[in-house]
Amino acid sequence: GRFLAMTGTNLAAWDCLRAGVGTHFVPSSCVPKLRKALLSRFKSKLIGQEAMKLCQEIIKEIAAGRQASSADCVLADDNVEVINRCFSAPSVEEIISRLKTETGDFALLTLQKMFQSCSPTSCKVTLRAMQQAATMSIGPVLQMEYRLSQRFTTRPQPMSDFFEGIRAVLVEKDRRQKWNPSWDALHEITEEKVDMFFSPLEEGHRCGELPTEDLWAFCQEKRAPFPEVELKSKL
């Protein structure tokens, strides 16, 4: 989980099945056939275990025994061992240190990807979020993630690298992210700066806190209207 969250690595079908993200496999070329079968064979009011059983039967029939390919997979046994050794560390600094001691290509490629494509600030915040979420219920987790989204998307560098990532990937598309602070200045991203991402939103915040006690308090009928968003020509 930490590896995927911090590196943004894409998983192929085989990886999804191994990680438990996916439960069944159907080749992409068979998806139209699968959709047609589901639409034609499902009847109204079919729910619960009966619906699940029919889904599984149709998937098995359409897949016809074909399995996801493990070619170029990410979560091969050797790679998972490296992930477990390195990403079990309690800090980003220690994760980087452990990756540097590994001798295989996977660790080297992971380091290169993190240094080029991953914001060090985001990595620190992500690691903290996953550590805290492990002992939290769904309501507080959703509130925490909402606060993080507001901190990332409303603050410029050096408080957040969000706009720089958008610039490099979607706007200018040069893929030359200039993180601030950089990986060479990882020590500048202190615990206090990370704490800021998780703190309650400021009084008067344009959207307000995400309520977790009253599930309907954030609906359009109850909350105050959001202010209009002014789009800027440059990020």
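Q: Which cysteine sulfur is closest to that of cysteine 30, and how far away is it?
A: The closest one belongs to cysteine 55, at 17 Å, which is too far for a bond. This is a predicted model, in which local features need pLDDT of at least 70 and side-chain atom pairs count only at pLDDT 80 or more, while totals for chains, interfaces and linings use all residues. Residues are numbered from 1 along each chain as its sequence is written, and side-chain values use heavy atoms, with hydrogens and water left out.

Q: And cysteine 16, what is the closest cysteine sulfur there?
A: That is the sulfur of cysteine 73, 12 Å away and again too far for a bond.

Q: How many disulfides are found in the whole structure?
A: The search finds 0 disulfides, a disulfide being a pair of cysteine sulfur atoms within 2.5 Å.

Q: Is cysteine 30 buried or exposed?
A: Cysteine 30 is buried, at 9% relative accessibility. Buried means under 20% relative accessible area, exposed over 50%, and partly exposed in between (1.4 Å probe, protein chains only). Cysteine 16 is partly exposed, at 21%.

Q: Moving on to helices: which residues of α5 are buried?
A: In α5 (residues 77–87) they are Asn79, Val80, Val82, Ile83, Cys86 and Phe87. They lie on the same side of α5, because they cover an arc of only 160 degrees around the axis; the arc is that of the directions from the helix axis to the C-beta atoms. Helices here are DSSP runs (H or I, at least four residues), numbered from the N terminus.

Q: What do they pack against?
A: The buried residues of α5 pack against α1 (2–7), α2 (13–19), α6 and α7 (105–117). Contact means heavy atoms within 4.5 Å.

Q: At what angle do α6 and α8 pack?
A: Helix α6 (residues 92–101) and helix α8 (residues 120–133) pack at about 110 degrees, with axes 10 Å apart. The pair is therefore roughly perpendicular, a term for angles of 65 to 115 degrees. Axes are lines fitted to C-alpha atoms over the stretch in contact, and angles run from 0 to 180 degrees between N-to-C directions.

Q: Which residues meet there?
A: Val92, Glu93 and Ile95 of α6 meet Cys123, Lys124 and Leu127 of α8.

Q: Last topic: where is glutamine 177 found?
A: Glutamine 177 is in the loop between α10 (162–171) and α11, and is buried at 14% relative accessibility. Leaving aside neighbours within four places in sequence, glutamine 177 contacts Gln116, Ser117, Glu164, Arg167, Ala168 and Val169.

Key. Helix = DSSP H or I, 4+ residues; strand = E, 2+ residues; numbered from the N terminus. Parallel < 35°, antiparallel > 145°, perpendicular 65-115°, else oblique.
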